[in-house]
Amino acid sequence: MEILDSVVIGAGQAGLSTSYHLARRGIEHVVLDGDDGPGGAWQHRWDALTMHDVHGVADLPGARVPDRAGAERANRFVPSYFAAYEARFELPVVRPVRVARVDDAEGLLRVASADGRSWTTRTLVNATGTWTRPFVPHVPGIATFAGEQLHAVDYPGPEHFRGRRVVVVGGGASAVQFIGALAPIADTVWVTRRAPVWNDRDFTPEVGREVVAKVEERVRLGLPPRSVVSVTGLQLREQERDAERLGAYADPRPMFTTIEPEGVRWADRFERADVILWATGFRPAVEHLAPLHLRGPLGGIRLDGTTAVADPRVQLVGYGPSASTIGANRAGRTAALAVRDRLRRAAPAGLTRSATGAR
């Protein structure tokens, strides 16, 4: 039975960054990715999303993002960049592998795929992000709605909604962006559980460090992670100014209490709807780690840096403060160093020379 030094699950920004740093340190590993091709979650985003629309994609370590961008579709641009990166650094990505569970195996970890394959490893880096776990809250009557319901993960682009009455649910950046695209061509109603907090501060490095520190504090305590925007607040970009002039952001409604076949209802009002667009975010895709019992009593996985406190063999990247392209790069290096240190401490158990001698 081959025993690897590490297995990385996920080949998005965090997984590729981790693999790069593991390879530099001579740590034998594989990257298991559930998609058919490179690109992580970016390859599944809607065609209308261009590189001009997104907040930006950070450089992967050792390779700058190509200069071309702007009007190019994000679901083509980023996968192309990731594919070139995997090839340039000969990263050991295996796909498609849909990991079903990770079990303890007498001190080692056994990673099992949905199709019956398995890998045995001394350490694990989970980089599965959130894209595969869209969240829709349960609302009484949700199954009775006669119109169309879509989550952001299935967003087909603005033209799909032209001339329709759309209830956009959510208080984050995605809801703001959807309203910006839809308000000029459709009748929109914005619904959010919490009143939006607007922020016009420039996102300087100092602000970025402050934000990451606040998000890190939650995972350090073992609380479920929150999104970065919950700390930064919301900002309008130039492409959302038309919607602002139309008043689309002026009167967000609180969360409705029930859904009916023709729309949504509050205690004191009813709004007809053709579409409910759920911009209600995602949850960390960590259900395959359940056999390791990493989740604590406060509902989250407690981390020390990227290390799971409940099981130091496991690193989590793309979770909490590293759920952004910039944070993912930093977390990838941190996780690789933690893997190296773990392997060195376990060296008497018969580790490979490459791992114990890693930089």
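Predicted model: local features only at pLDDT ≥ 70, side-chain atom pairs only at ≥ 80, totals over all residues.
Let's start with a hairpin: strand 4 and strand 5 have 2 residues between them, and there Glu-106 takes a positive phi near 55 degrees. Residues are numbered from 1 along each chain as its sequence is written, and side-chain values use heavy atoms, with hydrogens and water left out.

**Strand 5 and its partners**

- Strand 4 (residues 99-105) pairs with strand 5 in the antiparallel sense over 6 bridges; pairing takes at least two DSSP bridges between two strands.
- Asp-103 has Arg-110 in strand 5 as its bridge partner.
- On to strand 6 (residues 118-126): 4 bridges join this strand to strand 5, and the two run antiparallel.
- Ala-112 stands opposite Ser-118 in strand 6.
- The hairpin of strand 5 and strand 6 has 4 residues between the strands, and Gly-116 takes a positive phi near 95 degrees there.
- Strand 5 (residues 108-113) is mostly covered, with 5 of its 6 residues buried. Buried means under 20% relative accessible area, exposed over 50%, and partly exposed in between (1.4 Å probe, protein chains only).

**Salt bridges**

- The whole structure has 23 salt bridges, each a side-chain nitrogen of Lys or Arg within 4 Å of a carboxyl oxygen of Asp or Glu.
- One of them joins Arg-122 and Asp-5, at 3.2 Å from N to O. Arg-122 sits in strand 6 and Asp-5 in strand 1 (residues 3-9), so the pair ties together parts that are 117 residues apart in sequence. Both Arg-122 and Asp-5 are buried.
- Glu-271 and Arg-165 form another salt bridge, their closest N and O atoms being 2.2 Å apart. Glu-271 is buried at 8% relative accessible area, and Arg-165 is buried at 13%.
- Asp-311 forms a salt bridge with Arg-313, with the closest N and O atoms 2.7 Å apart. Asp-311 counts as buried at 8% relative accessibility.

**A buried glutamate in a helix**

- Glu-86 belongs to helix 2 (residues 74-88) and is buried, with a relative accessible area of 9%.
- Beyond its neighbours within four places in sequence, Glu-86 is in contact (heavy atoms within 4.5 Å) with Ala-11, Leu-16, Pro-38, Leu-91, Val-93 and Arg-95.
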